[in-house]
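Load the structure and follow along.

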Amino acid sequence: MRMDTPDEMLATAAAQGDRAAFAKLVGRHYDRIHGLAWRLTGSRAEAEDLAQDICAALPAKLRHWRGEARFTTWLYRVVVNAAHDLRRRQATRTRAAQGWGDWEMARQDEIVTEAAARDWLAQAMTRLSPELRDTLALVLGEELTQAEAGQVLGLSEGTIAWRMSEAKKRLRAMAKEDAT
Amino acid sequence: MTDDLDDLRRALATPPAPDPEARARALALAMENFDRLQGSTDPARSSEDRPSEAVPLNGVRRMLKSLTSRPALAATTSIAALVIGVAVILPVADLRLDQPQTAPTDLPADLPTEADQLADELATAPEPTDLGEVAKAASPPATAARAPVEGEARLRSEAVADAELSGGLVEVENAVVAAAPALADAQPQPLPDSEAFATADANPVKVTAEEPVSTFSIDVDTASWSVLRSTLNRGAMPTPDQIRIEEMVNYFPYAYPAPDVDQAFAASISVMPTPWNPGTRLVTIGIQGALPEVSDRPALNLVFLIDTSGSMEDPSKLGLLKQSLALMLAELRPEDQIAIVTYAGSAGLVLPATAASDRATILAALDQLAAGGSTAGAEGLELAYQTAEGMAGDGEVSRILLATDGDFNVGVSDPEGLEAYVAKKRETGTYLSVLGFGRGNLDDAVMQALAQNGNGQAAYIDTLSEAQKVLVDQLTGALFPIADDVKIQVEWNPATVAEYRLIGYETRALAREDFNNDAVDAGEIGAGTQVTAIYEVTAPGSEAVLNDPLRYGSATAEATGGELGFLRLRWKAPGEDSSTLIETPITGEEEATDETRFAAAIAGFGQLLQGSAYLGDWGWDEAIALAGSARGDDPFGYRVEAVNLMRLAQGLDR
């Protein structure tokens with residue numbers, strides 16, 4: 001009996017058009033997608049939007065599923081890439097928005113209020129570079145090993161280890177700064 | 001703050017619980033896009049009954065279906081219209097793929113140019129159907145000053161749409177364009193099942209001047225025919241992915257001329273007008289394997305590797321399997337040896353090597369097989385190879401017969417690793433054939449891949465008479481290879497053949513250079529078996545030529561005496577490393593026989609089932625008439641059965 005069909009089998013079946021397998025797969029992993037999206041963006045609203053975009057794109061993405069990695073590794077990669085694109089677009093938008101006059105002022109005000117409301121986590125995270133943030137989200141948040149995180153990010157294990165120690169250093173520096 | 005990562009870890013440990021509504025919305029959207037993708041590019045899948053363990057999936061499906069977002073989407077559209085009336089242009093590109101939206105053209109002229117670009121981009125970019133946000137923007141208390149802010153927020157959220165996402169959608173849109181628009185709505189919902197079929201797009205027409213050489217490996221599998229038969233007999237049309245034309249054609253025995261005494265096989269060629277296209281001809285290549293004296297056959301070591309996972313608990317699976325193997329036992333000789341390995345949960349040796357004459361012991365062991373547990377295919381396979389190696393003696397033939405209903409790769413992280421393992425074991429001289437049983441989660445793709453890598457045959461057994469055919473009538477052919485790595489290469493003469501098309505063998509294509517590379521694996525021929533390949537060729541100047549001739553191409557091949565092409569065959573004696581080459585010209589004078597006409601009828605049948613574009617007006621009546629007229633000597637009634645199946649398909653197709 002297949003009490004719990006492995007993700008990889010479901011993904012393969014879904015890629016071949018099995019609707020039930022796909023439904024089960026997204027149902028099983030929505031929370032995971034949302035969770036990582038939150039860890040990467042630090043915002044619940046953004047995580048929600050990101051998760052929805054990923055869900056919408058997943059059927060097409062699954063066509064490229066080749067079963068070469070564990071499904072969760074593959075999925076993490078999809079989420080990380082989507083978050084990167086989001087950041088890139090946000091950067092573009094910010095530039096494009098320069099000179100929108102009152103709109104922009106109002107929006108910036110809002111952002112400031114929002115930022116003030118963010119907790120310590122968000123502050124700590126936003127002060128780290130995106131690379132370090134991604135690494136921390138995967139290693140601390142998703143509890144991946146450094147090797148697994150490396151697989152997701154397409155980096156060597158050594159790079160991940162270096163990033164982790166770098167993050168530690170930065171946090172320590174921040175703590176000092178805050179203390180003074 | 002802290003100088004450790006622990007605080008961060010703790011903070012990151014519990015993400016906020018996702019909003020159930022957002023979750024449902026995202027999942028519904030995922031399903032909608034999934035269906036869109038299936039409906040537009042894939043035909044509906046066969047209406048398999050799911051095995052009982054899959055029922056919970058159906059529940060999930062029902063739940064998701066009830067969460068349809070149609071009303072919500074209707075609301076979005078009208079609210080968006082309101083917003084446009086208030087202040088800003090909000091191009092609402094609906095995320096649902098079937099409602100492409102166009103960019104608004106009345107953009108205020110004084111907007112910065114970036115805004116124009118932004119609007120263009122957004123018009124094509126999908127947008128999350130975030131009802132709440134739009135509703136806020138349109139709600140009565142919203143002041144004129146507030147609305148733009150919301151509008152901007154909205155634009156920002158549209159910008160969220162990631163680049164990869166739009167890439168995926170472009171793919172979908174293309175697919176929708178390709179499909180007939182009328183079909184999009186009429187497409188039945190794909191029904192869930194976990195069957196997987198090895199499939200590839202039909203071979204296209206090739207222009208001889210551009211690609212004169214066609215290379216492929218022979219294929220002795222017959223599974224596709226039995227699968228489509230079982231589908232038709234249950235009153236459903238097989239889906240195109242279940243159709244592999246070469247397996248349909250090769251299911252039938254053909255009376256091709258026998259090879260000379262010292263030859264492993266003979267190739268015979270016939271050329272006939274194409275039944276479905278008066279402007280083209282069919283070139284049929286028939287290969288007949290030699291049938292060594294049956295009494296001289298070497299002793300056989302057989303390891304039955306039997307899937308006893310829970311899903312095998314079915315009279316058409318384990319029950320039929322036991323009967324089939326008992327049937328086969330009668331054909332074996334006293335010096336042959338049998339062992340039985342089962343796999344389910346953990347793999348186990350049920351019957352150690354036993355002489356085939358000890359029927360009572362073997363039958364008792366077969367009888368005790370019971371289904372239960374999950375599938376540990378890889379472990380079972382290893383044990384089976386180990387057992388087979390222990391049984392092997394000099395000059396004996398060892399073969400593993402894997403009997404399964406599909407679920408083979410459970411527990412194996414990569415199916416390709418399994419194939420590689422089988423391919424490696426092939427070098428030790430142990431062959432692997434696969435017998436498929438039952439429907440529902442038949443993993444035809446894995447079956448085919450394993451048999452292909454294991455130098456064996458993949459057959460699908462749906463009835464006891466099919467077991468009789470595969471395991472009794474064709475026992476010698478199925479179990480005794482006479483030639484390994486048989487490759488066929490045809491070089492077409494551009495002077496006489498403008499275009500050609502290989503019918504079937506899509507999953508067996510080889511690269512041109514692989515033909516002479518003895519390290520490249522190909523199909524095996526068993527004792528006394530036949531393999532048939534059919535090309536449809538078009539002469540230059542024929543009305544049926546699909547491609548315009550090249551202006552600068554030249555075809556001056558008078559020197560070849562009007563030959564259509566040149567057939568090259570490579571094969572190895574079993575266990576040998578270097579191949580032998582056989583060459584035969586295709587003169588175009590070879591006459592058709594009932595055998596090749598029947599093969600053509602079956603190829604036509606397969607293409608009808610695939611909905612091939614090459615058949616023109618040729619339909620069921622013509623296929624039935626052709627097959628009926630070319631029945632020839634059909635002692636076991638296989639060809640009559642084919643005619644009956646065609647009639648059944650004709651009825652179902654209406």
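A residue counts as buried if 20 or more other C-beta atoms lie within 10 Å of its own, exposed if 12 or fewer, and partly exposed in between, with C-beta atoms placed from the backbone. Helices are DSSP runs (H or I, at least four residues), numbered from the N terminus.

This is a predicted model, so local features need pLDDT of at least 70 and side-chain atom pairs count only at pLDDT 80 or more, while totals for chains, interfaces and linings use all residues. Residues are numbered from 1 along each chain as its sequence is written, and chains are lettered from A in the order in which they are written.

Start with helix H20 of chain B, residues 620-629: its buried residues are Ala623(B), Ile624(B), Leu626(B) and Ala627(B). Seen down the axis of H20(B), these fall within an arc of 165° (taken from the directions from the axis to the C-beta atoms), so they line one face of the helix. They pack against H19 and H21 of chain B, where contact means C-beta atoms within 7 Å.

Now the cores, meaning sets of buried Ala, Val, Leu, Ile, Met, Phe, Trp, Tyr and Cys residues joined through C-beta atoms within 7 Å.

| Core | Size | Some members |
|---|---|---|
| Largest | 122 residues | Phe304(B), Leu305(B), Ile602(B), Ala627(B) |
| Another, apart from it | 61 residues | Ala20(A), Leu36(A), Ala47(A), Val152(A) |

In the largest core, the four residues named touch the most other members. Helix H19 (residues 594-610) of chain B gives this core its largest share, 9 residues.

Overall, the model scores ipTM 0.77 and pTM 0.51.

Methods. Helix = DSSP H or I, 4+ residues; strand = E, 2+ residues; numbered from the N terminus. Contact = placed C-beta atoms within 7 Å.
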